[in-house]
Amino acid sequence: MTLRKIIVEENVYLYKSVTGFGGGTEIATFEITIFLENHKQTPLKINFITWEDLYAGNPLKTGVKLTRLSTQETEFVNLNRPKYIRECILYSIKMGWNGQNKVESIDGLKILMSLGFDVSCLHPKEGFIIAHGKEYLK
């Protein structure tokens with residue numbers, strides 16, 4: 001996959017995103033890997049653990065409406081948009097990543113929560129299968 005480029009606070013970052021699906025489970029991942037330009041040895045990895053719809057795919061890849069708790073307004077969130085990559089970088093900088101140091105993988109849902117979103121609809125639900133955008137009891 002080709003790395004995409006984004007400039008945040010005058011620094012150049014390269015990033016890619018990958019989705020995964022756990023075989024036999026309804027748990028899916030959306031992983032973003034970000035590098036400060038010329039520092040590929042110290043990547044930032046952000047993992048979003050969510051559910052996957054067999055037809056619609058990963059909600060964070062295809063887009064999902066999330067509600068901002070403060071205003072009750074909804075926003076269509078698609079993590080392929082540079083706007084959200086920028087927010088991930090800014091959050092990670094606040095958490096101590098500078099592009100040249102190694103850090104533990106970050107829980108992406110915490111980033112969305114820090115932006116004021118209700119992410120409860122993204123959590124995988126035990127005992128349920130998500131298909132056709134609806135929940136079915138196993």
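Student: What should I know before reading the values?

Tutor: This is a predicted model, in which local features need pLDDT of at least 70 and side-chain atom pairs count only at pLDDT 80 or more, while totals for chains, interfaces and linings use all residues. Residues are numbered from 1 along each chain as its sequence is written, and side-chain values use heavy atoms, with hydrogens and water left out.

Student: What average pLDDT does the protein have?

Tutor: pLDDT is the predictor's confidence in each residue, from 0 to 100. Here the average is 86, and 85% of the residues score at least 70. Over residues 127–138 the pLDDT stays under 50. For that stretch the model has 26 contacts beyond four places in sequence, a contact being heavy atoms within 4.5 Å.

Student: How many helices and strands are there?

Tutor: Both are DSSP runs numbered from the N terminus: helices are H or I with at least four residues, strands are E with at least two. The protein has three helices and 10 strands, in the order β-β-β-β-α-β-β-α-β-α-β-β-β from the N terminus.

Student: What share of the residues is buried?

Tutor: Buried means under 20% relative accessible area, exposed over 50%, and partly exposed in between, with a 1.4 Å probe and protein chains only. Of the 138 residues, 38% are buried. As for contacts between residues at least 6 apart in sequence, 49% join residues at least 24 apart.

Student: Which strands form the open sheet, and in what order?

Tutor: Two strands pair if DSSP finds at least two bridges between them. Three strands form this open sheet, in the order β6-β5-β8, with antiparallel pairing. β6 and β8 are the edge strands, each pairing on one side only.

Student: How many bridges join β5 to β8?

Tutor: Two bridges, in the antiparallel sense, pair β5 with β8 (residues 117–118). Thr 67 stands opposite Asp 118 in β8. When reading side chains here, recall that in a regular strand they alternate between the two faces of the sheet.
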